[in-house]
Protein chains: 2
Amino acid sequence: MNKIKRALISVFDKKNLKPLLNYLKKYKIEIISSGGTYKEIKKLKFPCTEVSDYTDSTEILGGRVKTLHPKIHAGILNKRSNKSHQRDLIKNNFENIDLVIVNFYPFEETLKETSNHKKVIENIDVGGPTMVRAAAKNYDDVTVITSSSHYNELIEELIKFKGSTSQNFRKRMSQIAFSETSYYDALISNYFNKITNINYPKKKIFYGNLIEKLRYGENPHQEGAIYSNNKFLNIKQLHGKQLSYNNYNDIFTSLSISKSLPKNAGIVIVKHANPCGVSILKNTVECYKSALACDPISAFGGIVSCNFKVNRKLALELNKLFLEVIIGNNFDADALKILKKKKNLRLIDASNFNPYEIPRFSSFNENILVQSEDKKVFTKNDFDVVSKKKPTKSQFDDLIFAFNVCKFVKSNAIVLASNQSTIGIGSGQPSRLDSCQIAIDKMKKFIMPSSDIVAASDAFFPFVDGIEKLVQSGIKAIIQPSGSIRDKEIIKFANETDTVLVFSKTRHFRH
Amino acid sequence: MNKIKRALISVFDKKNLKPLLNYLKKYKIEIISSGGTYKEIKKLKFPCTEVSDYTDSTEILGGRVKTLHPKIHAGILNKRSNKSHQRDLIKNNFENIDLVIVNFYPFEETLKETSNHKKVIENIDVGGPTMVRAAAKNYDDVTVITSSSHYNELIEELIKFKGSTSQNFRKRMSQIAFSETSYYDALISNYFNKITNINYPKKKIFYGNLIEKLRYGENPHQEGAIYSNNKFLNIKQLHGKQLSYNNYNDIFTSLSISKSLPKNAGIVIVKHANPCGVSILKNTVECYKSALACDPISAFGGIVSCNFKVNRKLALELNKLFLEVIIGNNFDADALKILKKKKNLRLIDASNFNPYEIPRFSSFNENILVQSEDKKVFTKNDFDVVSKKKPTKSQFDDLIFAFNVCKFVKSNAIVLASNQSTIGIGSGQPSRLDSCQIAIDKMKKFIMPSSDIVAASDAFFPFVDGIEKLVQSGIKAIIQPSGSIRDKEIIKFANETDTVLVFSKTRHFRH
């Protein structure tokens, strides 16, 4: 690349301009600018030509049209090695613009600050992305800088190449430039989809900010990373080893369950993305003990998520078990002190975590499945008691609790509960009968409660056999969506065995 | 909106222009155009002004700078109700452009046709997206059309509103316009990431074309849709009911397993996103019977994926069971005839399905986990036989087969195999011991093979107990990654019981 002769600077973010301008001056790089950037450069006492003087075309429409001018874009887009391009330039008395330093109107920030549509629209930058796209396309000859965080690298290049930059650097800045323009338009596109109520547009753009490159993916031979629609995650690690891909996966699973529980109540233990114990007992230590009792073996090395602020008493109890992660809606100071004694234990403050209602997506090669969250809110009227035997208040509460947990257990899912705590969870089976057996085995292995046991199924029982197995093991009340052609048989069986049977009508498959 | 006075047309896709031009003429809409579009309009014998005549500025740089001119962009971007904007227009002798019909250089098609970098770069459109973005921003006053598929709607609007369009229409076209620009730049950004070997850029854009809005998501109260990076899926439905969200999920699971099997061999049965039977026996009917025998109860209502062309004999066998979906690398004509007798049965031709090596991502609210596929290719040297007892050739083949299937079973995963077929699969358990028990129970329930039984575990056994349980149930050879602090104890136990033990060193978690 030839020495940079001319730079166009138009930045919304005016940080760190001065040191850069010093170097541009040192290498005798002429500066063109407009609006606020022009004023800032003049204030910093550097020479600068206004775009309107440069193009001999007044800025119009209150700044809507400034740089959309052939003199600017020919200066950027011409191929320096193309003779015909060079003849065009001379004929029109246009000159090269070799360096484009541009960042955009703050569309993303505006979205966060206001829901005023006019204001949002006004923050759609037209001129900025055009210059950046032109410069990035022509990276063979032009350097494009889209963020003040790259000024230092640019300065290093200018020094190293005596007022020029390397092809590698320009290519990388161009790669970054296109990620900026696509990200910017992804935001705009998603905004327009939102205001026009289009959830499934013909062309859908998902976007993410890199939060962290992870040590690896689900397994050490896989690469992994975590992205967010935001600049930062809304969970905060307070202590412990770096979070792994599987940690994140389990944390998000835990939190979706935790946040579905009554406000400021409940403990969830997760292992391999499945809950292995949930309780919503009010006393926090009792709550933990109950959740743990459901499957104390699986809980080893698991994740415990507390839907409340973790206190000292609970911390002492939690410290008795080897856990990978503990999540709380923050921690009392003395609880934190106790838990921090374990060097590796990851502590997560999730008080700012909100399960937004945005569709979930997952990819398989080039295919992407998208769906809205399973977030139906139930009222008592959504449940039909179809058996002669009616549930007691406590049975009904346990049924609702178990059915909610069911929603987060990988299908086929059977959840046994008693006293507002799970006592057996059967997950991930291709056969519903097997899930029943697993849940019953867990219950028999670890806990045989004194109060009534209830069961929830994520989908309907196709035959009587599943219900039969449950009833034979002492289950007194069952909730399931219904929908089998054998529903009548199943109701008959419930009546014969004096079992409470509730139809929820809503299915909760999760895979 | 006032009557449209002037349209700017610049389209790469020149389909269906004539009927539209007829209506523009009818409503006395003046046309500006350039390059190929100008020639096409003149050829169709409609009046048209060239952009360079309109702006009084010659087209330069071989077309790189045509429309990047204040007269064009002020004409688009001015607010018709803003007095100062209107004064600017009059002062500069600029006129309104009320309709922008633009589609872009075919970047996506170019990417498919060539890997010539210069040609790809030349197909980055700068002028087109700028006009579209300007018009879409100013949709209050301007109509933007980005695809010939919207010409009919535009014509209807022109007729209905006598040469004008409605605000609703303009807003919707603007929403589509931004989905086009963001999609376009997403392609460019991903191209630049690819050529610069950046898999995890700071800002990552995922994009999809809507293949189908689905009846619902995983459950009827959830919305669902399927997208693809391409315009069409690379699987083809030949028959049967519309595919559901869960069908797609299971199909992709089945196909990732099928395509990991030896070429043109193997049958996989999937239920609830977990395999419940896999075989790679050469005789196709035997292969199916073996896969089915692993868990005939779960297979009911499942998905069968054949990694070969389905023949008549197999079709007759398949028809004996109720299945949701049958996948094949196409079907023989008489096989198809047999299977089509079942009206609802979904038949999928997957001969064009290729598992690409693109990272997998899944979202949880605003968070996105991204990882490369678990696609390690093993050679014999990747496996260490650590027991005194060495595997026979057929044991070793079964171990490799079982370990591969393990990769696709939700963790914790235990796969029992014999004679190149699974005979027990334990999936989705928080405890490894439980997965062992489930796999053993399945085996005992359905099949007790005559030849040696082997077992594979997706991750290491933390204790001796899992291996012990397997050996007690007759398993003669075990493969597992290793890595427990009790590995030595486990080797000792294998030697004491004359069991073959192989360490794979590679883990296969999948959640």
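Tutor: Gladly! Two strands pair if DSSP finds at least two bridges between them, and helices (H or I, at least four residues) and strands (E, at least two) are DSSP runs, numbered from the N terminus. This is a predicted model, where local features need pLDDT of at least 70 and side-chain atom pairs count only at pLDDT 80 or more, while totals for chains, interfaces and linings use all residues. Residues are numbered from 1 along each chain as its sequence is written, with chains lettered from A and ligands numbered from 1 in the order in which they are written.

Student: What makes strand E14 (residues 360-364) of chain A a partner of E15(A)?

Tutor: Five bridges join E14(A) to E15(A), and the definition asks for at least two, so they pair. The two run antiparallel, with Ser363(A) opposite Ile368(A). They form a hairpin with two residues between them, and Asn365(A) in the turn has a positive phi of about 50°.

Student: Which strand of chain B pairs with E15(A)?

Tutor: Strand E7 (residues 224-228) of chain B pairs with E15(A) (residues 367-371) in the antiparallel sense, over five bridges. Leu369(A) stands opposite Ile226(B), and Ile368(A) has Tyr227(B) as its bridge partner.

Student: How do you know whether the residues of E15(A) are buried or exposed?

Tutor: A residue is buried if 20 or more other C-beta atoms lie within 10 Å of its own, exposed if 12 or fewer, and partly exposed in between, with C-beta atoms placed from the backbone. Five of the five residues of E15(A) are buried. Asn367(A), Leu369(A) and Gln371(A) point one way, Ile368(A) and Val370(A) the other.

Student: Why are the buried residues of helix H9 (residues 151-160) of chain A said to share a side?

Tutor: Leu154(A), Glu157(A) and Leu158(A) are the buried ones. They cover an arc of only 100° around the axis, so they lie on the same side of H9(A); the arc is that of the directions from the helix axis to the C-beta atoms. The face turned away carries the exposed Asn152(A), Ile159(A) and Lys160(A).

Student: How many residues of chain B are in contact with chain A?

Tutor: Contact requires two C-beta atoms, placed from the backbone, within 7 Å. By that rule, 118 residues of chain B are in contact with 118 residues of chain A. Helix H10 (residues 167-195) of chain B gives the most to chain B's side, with 16 residues.
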